[in-house]
Structures are given as C-alpha cells and as structure tokens.
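This briefing is meant for someone meeting the structure for the first time. Please look over the sequence and the 3D view, and then read the notes below, which are grouped by topic.

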Protein chains: 2
Amino acid sequence: MESFTSEADYLKELAGRSVLPEGFRCSTTSLEFYPRERSIEKPLPMSLALILLDQPSPDFAAVFTRNRFPGAPVLIGRKRLARQRIRGILVNNKISNVFAPHGEEDAESLLAALGAGLGSVPAEELFAASTGVIGWSLPRKEMEEALPRLVAGLDGSSLLKVARAIMTTDAFPKVRRAAVGRGSIVATAKGAGMIEPNMATMLCFICTDVAMPREILRKELSWCVERSLNRISVDSDQSTSDTAILLSSGRAPAVPRTEFRAALREVLSGLAFDIMRNAEGVGHVMRVKVTGADVEATAVSVARAIVNSPLVKTAIFGNDPNVGRIVSAIGDYMGNAGRPFDPAGITVRMGGVDIFAGGSFLLDAGKEVKLSAYLKERLLDTRRPPWPQHDRTVDIKVVLGALAAEAEVLGSDLSYDYVRENADYRS
Amino acid sequence: MESFTSEADYLKELAGRSVLPEGFRCSTTSLEFYPRERSIEKPLPMSLALILLDQPSPDFAAVFTRNRFPGAPVLIGRKRLARQRIRGILVNNKISNVFAPHGEEDAESLLAALGAGLGSVPAEELFAASTGVIGWSLPRKEMEEALPRLVAGLDGSSLLKVARAIMTTDAFPKVRRAAVGRGSIVATAKGAGMIEPNMATMLCFICTDVAMPREILRKELSWCVERSLNRISVDSDQSTSDTAILLSSGRAPAVPRTEFRAALREVLSGLAFDIMRNAEGVGHVMRVKVTGADVEATAVSVARAIVNSPLVKTAIFGNDPNVGRIVSAIGDYMGNAGRPFDPAGITVRMGGVDIFAGGSFLLDAGKEVKLSAYLKERLLDTRRPPWPQHDRTVDIKVVLGALAAEAEVLGSDLSYDYVRENADYRS
C-alpha cells in the first residue's frame, strides 16, 4: 500500500527518491512567448529542462513512438542512437515541434547553441525532447535567450525540479528510484493524456550510475518499456513525441543483467502506475489481467479492448457495475480480429466477483450492490490533489481458456474532467 | 439542406415518410418489470414492437453484428436466414438478452407465444430483436402477458409508432423513405451510442413492397449497409445486438437492381446521418473524407482513426481547432498498422482550410480564428431537442496520395453529455 495524505507528505518521499546518481547534474528554467499560430493577449509560459552527464558516455538507450508523424526531436533522437557518445538531454514543454516548418532545423540549432554554452559540446551529443501542441513552431529566439540561465543553474543534487518542469496537465511530479548494486536508477516521467499503446508515456528520462554496456541497456530498456509504459492506456492515442531515454554514467560497478532488469522494470512500472493514477480526469484506474491466452499478444489485445472501450470507461466512472459492457468489449475485439472463440470457455471477474462463467452471465441484485460499493471504494478524487491519493485499482480478471499466456494492462475511466481538460487544452 | 424548427415541424415530415408499404402492418405496446439482477424500488418500463407481413414472404435479408458475444436474437436470426419464409419481427428495448441464462430459450418461447397469438404462425417465421442492458434476462412472463395487446393493436397505417418504441437514448424517432418504381422503401433505426464499426446501428428495420428476389435483397443489403450504417462511429464499440432486417411483401413490381440499390442506399445513408446527429451527447458531426488511398479499406481505416481519437473528439467538442491532433491520429494508425508512409505526400483540410501540406503544418493566427468560427457554426444543441436541428457537419478532408481509392466516415465529438448518458445509462 502506498498513499499520501498531503502534498508535503509526498514531497518528503520524492526528495528521497530524486537524489541524482553519481555523474549527473540537471537544471531548469522558464520563459514566455507568443505563438505565431494563435492570436492571444497574454504570452504563454514554457519550461526548459536539462539533464547532463559530467562526461560523455557511450552507454545510452532510447525508444520512441511509432507514430508516422513523429516530432523533430524523435527524428533527431533516432539519428543520435548511432552516435558514439551522449552527453545530455534538452527538454521543453508547451510545443511538441511536430512537422512545423523548419522544425528539425530549429531543434538542431538549439542543441548547437546549448552545446556551445556548455563549452564545445557537439550538438550530436545531445538529445532533444519536446511535448505540447502539435503543429506549432518552437519560439527559437526566446528559447536561445534562456539557454545561458539553464546552463548556469546546473547542479547535481536532485531530479525533482526536472520532474516538475516537464509537467503539462500532470497534477503531481513523478519520480521513481531503485537501488541496484552500489548504484541506483532514478527516473522521471510526464504523462497525463494521449497515453497508448506504444511508448505509453510522452516523456521518460532514466539516469543510472551502474556501468552497464550500451547493448544491454538497449535490450533491457525495450523489454521493460514493453511490459510497463506500453501496458497502460488513457485514451488510446499514441502521441507523436513519446520518448524514453536511459543514460548511464558508469560510475558504479556493473551488476548481473537480471538484477538490472528487475530494478529497471520496478522503476518503469512505478512510473506507469503514477501516470495512470494521475491521468487526465481519472476517477478509477482499471487493472485488467487476462490469462489463459494462446500468446501474450492476444492477452494484451483483449485487455486493451476492455480498457479502451468508452462504454466500459464511462460505466466505471459512474460506479455503475454495468459489467455486460466488459464482455461485449471482449466479443467486439474477437469478432473484428476474426478470431475463433468459445464463449463457454471464458470467465470474467470484477473485484473477485464472478460475472460471467460457463457460457452465461451470473448476475443478481446482491452482486450489483457489492460491485457498486467496490467501485466507490476504488475512486480517486477527480479534482486531482497534487499528490497520489491511494493505490487501489478496479481489478478485472479474464480467463480466456486453458493456455498459458497472460498479460496485465492498466487503464483509466472516462469522466467529465477528461473531456474538460481536452476540450481546450491550449488555453 | 434539411432542418426543422420544432418537434411539430419534424413530426409533420415524419408522418409522410412513415406510411407503410403495401402488405405490412405494425403495432407497439409497453409493460413494466423488476429486473432480477438489480435491486430497485420502481419497476422499469419496456416497449414492444411488432412488424408483420400480411403473408409470409420468401424475400427477406438480414445482417448482424460480428461481436463474438452476440445476443440471443442474433443467434436466432442467423438460423432464420435459412428458412423458406418470414412473417415478421418482434422487438423489445431495455434488455438486449445477451448470454443471459436460458436467453435463447426465452426468446424462442416468446416468438412461439406470439405466433400462436397471430393464429398458427410458426416461431421459425419470426425474427426477434432486442436492445438494452447486456447480461440481464428478459422478463418473460410480463412480456408474454403483453403479447395479446400487441397483436390486437396491429394496423397498416404508419411505421412511426415502431420508430418511437425502439428508441432508447435517442432524442427523436428516425424514419426514412424512398419511392422506387411503383412501390417504396420505408425504414426506421435506433442508434444513439455503441455505434461502430460493423452494423453501425443497433437496430434497423426496412420494409418494402418492391418484389425483389431474396438473393438480390441479401446482396444489396450487405453492399448498402457496408457503405452507410458501417461508415459511422460514435464510440468505437460494436454492440452485441446490431441487426438490420429487410422484408419485402412483393406487392409492387420489381425494378432494375441498380435502381433498388440507389433507393436502399439513400434510405440507409439518411438513417446513418440521423443516428449521428442524434448520437449520445453529440455536439458536432464530423464528416471525414479520405481520398488518394491504395485501397478502400485504407481510406476507411484512416477516417476511422480520426473520428475515433478521443483527443480529436474532445477538441472538436470544445470548438478548438487543435488540428495537430488530426494529423497525429493519422500517424498513429499508420504506425500501428506498420504502413509505409510519406508525410510529404499528404494534404489535410478542415472546413476548406489547408492545415497540412507539402510535409509541414500550415498554421497561423488567421486560420485559427476562421476555424474556430467554423466549428461554432457547425455545433448542434447538446441538450438535444426532439427533432433534427440542422445538417451541417465538420468537414475534414485527407488526401493520402495520388491513388484512386476513397471513403467517407461520419463521427461524433466527445462531450460532457456523452459521459453523463453513459455513466449511468440504466438508472
């Protein structure tokens, strides 16, 4: 059980989690700008963040969105994967720099200016990461003017200020940490909306001092992201900018690969859960576990069909155990996928209560009352106080058959507040 | 342009559209019941409707949902397709009779009782159709007691009472008519939510007196449904009960097949549009046309990706021309489908305004103001007066490339009222 009763309570915990591993420094600053694509009276604020290794490192990894309109930072990041060494990451919020005119040129120019400010660091040793409105251009001039402040503010104490700077509609900053060998893994993510299905977080930055070689970092990052950040869904939209970057300073001794994997998975699963319980307008986090599938991909698809069904999501939001919609969502997926399927072999359970088994629904008034109370007890405060309230989830279990593959996916309900936050996100 | 200024205005139009073709009668009645699956104080109301041919006819067609948990009426209906002759359709709302214990037995028993009441009509000559909560059992006793009233009420004047009886969260009844040769096609549908992607309406009943043979009716119904009711989406859920049934009395002379197809498509496209502009909580109807695709299926998938994106839907609801989300939805689909794709070859337009072309966004403050006004002008009253307000849509055009395939899909925005209607639909 993990819950916090106040922001101060949470920040105390975060202070401990955010201590940077050896060999890292970071910094943040802010600026104001007028977007050329919108007529507005007041300038918009933008935050910049910088994560920097003391020395360039050959040991880094990154995974990106599969969206076919990726942001300029993603296009640049893919090229950086071929570089010998990386030094750091420049992040901005507010504008995601996706297919804006001259977007890639803007980003490269900012990285070059940052590199010069850092003292002859080549732009090619820096990643960029951007989140925000799609299609607008970066305010290059205002950002360049802010870079000296960013460089001047570098220090090696805590990642928390970066966690704050990358927030958009997040209600609280997210940091997770795991000790591993004589070092640690410390990571932050921003999430909120547009979370699914590949690279489920828009931005995630992972710092470690454990000396793991590049090849292992890359394999383990892909494996762990697939089973954590890629197993959550808020609104089934995969963003143009989803990015996770892992940097190692190599200052602490290497550990066995399985040990590193376990620690990385723990950190990323923690962030994935934080993203879900802080999703836009979230009232309930659903935890859907599908077992008995032929292959893992089937289990993932069935679980996603449930958490992405607007009818399931709205019923859960209303604490309404309209469980027929869960079964319908399974049948909808199986039918569209053209999969053969025997309804008699499936079991569906919510909160430990059997709702479908042996080929028919098993519903009565007593279960209705029980499930309604269960949903109410799992509710999060949709006004979203700036700390995680509790870690209770709406647990849905589906047994598809007698085979061995399984998967778990986290999802959110669909509330008035989700609509409100997304109907005019930019203003 | 088609719009109505009051309910009386609309009902006057509907009266003309609803005149039954030769050889049909219909009837409706209502009842009250206590569902055994829910503890409630007041009984729930249910409507029954009956559409009856004066004589059994060999000329009928039906298409059903592909959901793998189909309702008992769908399972029964598929068997009926092999029968020599059909006499009519019994419809109920409130409970969809999906995998309830003994659901198929309940439905067959009701059809047998109805057949007896009609005077020795075999149950096998009757279709059933049910809409409503999934997983609950039909109140068989109360429904049987209501059947004599249903039979006694049969008359041959108007389909309008059936259009009313099958409404669930629909705000107005839907009837469309087309004259064809010396006969007509008259049809009604219920829609509202859970509309996508195959058999986009939950229930649709089509009566004609034109003497077209069974084989042609079946081919033309499938062809026309695919290009009308299957090209709309409210919430991307395909229901367990989606059904369209077409009956011919054969009382008017046959017409050329292309003429019949054109009339049937006109009727079904009209109903599809009525369903969309009366969807749960709808504020805007989106009309997405995708051209220049390799095959029609690609064009349909891209259009669906746009109308089903929660981020696009909420932005449109807020009259917020956050058009980057449209392009992101295209890229998300193309990436997940693993399709090769050249962003430089695509053009995206909203309301006649170019927003993406030549490999980058083309946005400025003037376009923002113009598109914002355009969205406001296309808005429907979300309080949903009981008549169709206007037929203005938010027109989005996507040119994928230089190839010839194209498709059009209708979608709805995502509003507070959608969430409200679905968070406790049953109470």
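This is a predicted model: local features need pLDDT of at least 70, side-chain atom pairs count only at pLDDT 80 or more; totals for chains, interfaces and linings use all residues.

Chain B holds an open sheet of 4 strands in the order 1-2-4-5, and the pairing within this sheet is mixed. Its edge strands are strand 1 (24-33) and strand 5 (126-130) of chain B, each of which pairs on one side only, and the twist averages 15° from one strand to the next.

- Strand 4 (residues 86-92) of chain B runs parallel to strand 5 of chain B, and 5 bridges join the two.
- Within that pairing, B:Gly88 has B:Leu126 in strand 5 of chain B as its bridge partner.
- Helix 2 (residues 72-80) of chain B lies across strand 4 and strand 5 of chain B, and runs at about 155° to strand 5 of chain B.
- Helix 4 (residues 140-152) of chain B also packs on the sheet, where it touches strand 1, strand 2 (44-57) and strand 4 of chain B, and its direction makes about 145° with that of strand 1 of chain B.

**Strand 15 of chain B and its partners**

- Strand 11 (residues 285-293) of chain B runs parallel to strand 15 of chain B and is joined to it by 6 bridges, with B:Lys289 standing opposite B:Lys397.
- Strand 12 (residues 347-350) of chain B runs antiparallel to strand 15 of chain B and is joined to it by 4 bridges, with B:Val348 standing opposite B:Val398.

**Helix pairs in chain A**

- Helix 6 (residues 214-226) and helix 7 (residues 257-277) of chain A pack at an angle of about 40°, with their axes 9 Å apart, and these two helices are therefore oblique to each other.
- The crossing of helix 6 of chain A and helix 7 of chain A is right-handed.
- On the side of helix 6 of chain A, the residues that meet helix 7 of chain A are A:Ile216, A:Glu220, A:Trp223, A:Cys224 and A:Val225, and their counterparts in helix 7 of chain A are A:Arg257, A:Phe260, A:Arg261, A:Leu264, A:Arg265 and A:Leu268.
- By class, the residues of this contact of helix 6 with helix 7 of chain A divide into 7 nonpolar, no polar and 4 charged.
- Helix 2 (residues 72-80) and helix 3 (residues 103-118) of chain A pack at an angle of about 65°, with their axes 8 Å apart, and helix 2 of chain A passes helix 3 of chain A in a right-handed crossing.
- That contact is made by A:Ala72, A:Pro73, A:Leu75 and A:Ile76 of helix 2 of chain A together with A:Gly103, A:Glu104, A:Ala107 and A:Glu108 of helix 3 of chain A, and its residues divide into 5 nonpolar, 1 polar and 2 charged.

**The contact of chain B with chain A**

- The contact takes 63 residues from chain B and 63 residues from chain A.
- On the side of chain B that touches chain A, the elements giving two or more residues are helix 9 (310-317), helix 10 (324-336), strand 14 (360-361), helix 11 (365-377) and helix 12 (416-423) of chain B.
- Helix 10 of chain B provides the largest share of that side, with 11 residues.
- By class, the side of chain B that touches chain A has 29 nonpolar, 20 polar and 14 charged residues.

Notes:
Residues are numbered from 1 along each chain as its sequence is written. Chains are lettered from A and ligands numbered from 1 in the order in which they are written. Two strands pair if DSSP finds at least two bridges between them. Axes are lines fitted to C-alpha atoms, for helices over the stretch in contact, and angles run from 0 to 180 degrees between N-to-C directions. Two residues are in contact if their C-beta atoms, placed from the backbone, lie within 7 Å. Angles under 35 degrees count as roughly parallel, over 145 as roughly antiparallel, 65 to 115 as roughly perpendicular and the rest as oblique. A crossing is left-handed if the near helix is turned anticlockwise from the far one by less than a right angle, and right-handed if clockwise. Ala, Val, Leu, Ile, Met, Phe, Trp, Tyr, Cys and Pro count as nonpolar, Asp, Glu, Lys and Arg as charged, and the others, Gly among them, as polar.
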